[in-house]
Amino acid sequence: MSTLDRWTRWPARDVPIRERDSRARMAISFFGRLCMLGAVVFGTFGELHYRGWLVLVPVGWIAAAAVLFTGWHHFCRAQRLWPTLACAAGLLGYAALADEGGARTLASVIWCGLAVLAVVRLPLAAGLLTAGAALAGYGFGTDDSLLAMLAVAGGMGLLGYLLRLDGQARSAQRALLAQERAAQVAQAESAALAERARIAREIHDVLAHSLSAQLVHLEAARLMLDAGAERAEVRERVVAARRMAQDGLAETRQALSALRGEFAPVAEFVAQLTAEAGAGLAVDGVPRPLPAEAGLAVRRVAQEALTNARKHAPGSRVDVRLGYREDEVELVVRNSGAPRGAHPVLGGSGNGYGLLGMRERAELLGGELLAGPEEGGWRVLLRVPA
């Protein structure tokens, strides 16, 4: 902030937040204003002896001062400098008239109050000029000694500056609180979106795997029908497709449970999966519980890789190796080439997005996925931190 801005900038406004000031602060503010009003009223009425209708004179003095202060406060809140200074000039002139009319208490309150509030509410340059004019009016209008006038002027100036600093500190504190709350709301929304994306990704992977496996069996059944196979063999394929649909529903429930950390150990799941697929399994290292995201990645990649092996290389040998390293888990799925006589149509089923989805899942966790041909077959390698 430049020096010119520091002298001409309006004080920072309070950021609107739901919390109100503390009860102690509100009580002190209320009783302070009440005492000030009481001092003005009793001082104004006690300075002169009013009889009859003349009692309305001090009432008029006080009411007019209240109107001028209200206008000054309104223009201050609107940060309109010239109307604010005009109201301040009116208050200074009004205080001089009140002092000449005998209402010295009211005049002193206007001068001192305006001096303090000008420093608190106005830009620093305008506030100091207004406060100086108000304290000069107080000095000319009072009968106190020079030392007393200087003490009052110094005290009013110091009080106004301290209140200004307090207001700026409270405004900065409220601004930081509002920013913190906005950040918390944004963080909560981001977490909710991430959770939705994670759930959507899990359900997508489950359905993609389940539907792909069903398509394999249904395509095999169609080929059998075209070849004139026995009804029992075709029925076996249809039953297998039905079983895959049931397994897909069960896996969807498991995926949602896994997101909450409620799933079986990965080693047990991979062992069951390879046993059902007729693949070989080797486990390196000591199996341990994995984080939910890492465990889900291993499960999904194992499912997708075994499904791809059945689709693209039916009848080939498949070997799975699950390795537990110090700070990561590794999954390797290898299959040999499809034997001669395997029908090539099954390899065309599916949408071709399996590898892309597995790679995206691994990268989201800070890991990697490598897939490609190897010794006439295919290899899928997954590494994720765990």
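**Contacts, salt bridges and confidence in a predicted model**

Me: Leaving aside its neighbours within four places in sequence, which residues is Arg237 in contact with?
Reply: Contact here means that heavy atoms lie within 4.5 Å. Once the neighbours within four places in sequence are set aside, the residues in contact with Arg237 in this predicted model are His217, Ala220, Ala221 and Met224.

Me: What separates the C-alpha atoms of Arg237 and Met224?
Reply: Arg237 belongs to helix α8, residues 231-259, where helices (H or I, at least four residues) and strands (E, at least two) are DSSP runs numbered from the N terminus. Along the chain Arg237 and Met224 are 13 residues apart, and the separation of their C-alpha atoms is 9.3 Å.

Me: What is the mean pLDDT of the chain?
Reply: Residues are numbered from 1 along each chain as its sequence is written, and side-chain values use heavy atoms, with hydrogens and water left out. The model is predicted, so local features need pLDDT of at least 70 and side-chain atom pairs count only at pLDDT 80 or more, while totals for chains, interfaces and linings use all residues. The pLDDT is the predictor's confidence in each residue, from 0 to 100, and while 75% of the residues reach 70 or more, the mean for the chain is 77.

Me: Is Glu219, which meets Arg222 in a salt bridge, buried or exposed?
Reply: A salt bridge is a side-chain nitrogen of Lys or Arg within 4 Å of a carboxyl oxygen of Asp or Glu, and for Glu219 and Arg222 the N to O distance is 2.5 Å. Both residues lie in helix α7, three residues apart, about one turn of the helix. Buried means under 20% relative accessible area, exposed over 50%, and partly exposed in between, with a 1.4 Å probe and protein chains only. Arg222 is partly exposed at 39%, whereas Glu219, because its relative accessibility is 15%, counts as buried.

Me: How many residues apart are Arg321 and Asp284?
Reply: Side chains of opposite charge can pair when their charged atoms come close. Arg321 and Asp284 form a salt bridge, with the closest N and O atoms 3.4 Å apart. This pair links distant parts of the chain, since Arg321 is in strand β2 and Asp284 in strand β1 (residues 280-284), and their spacing is 37 residues.

Me: Which residues do salt bridges that share partners join into one network?
Reply: Glu330 and Arg325 meet through their side chains in a salt bridge of 3.3 Å, N to O. Glu330 counts as buried because its relative accessibility is 6%, while Arg325, at 29%, counts as partly exposed. Salt bridges that share partners join into one network the residues Asp284, Arg321, Arg325, Glu330, Glu368 and Arg383.
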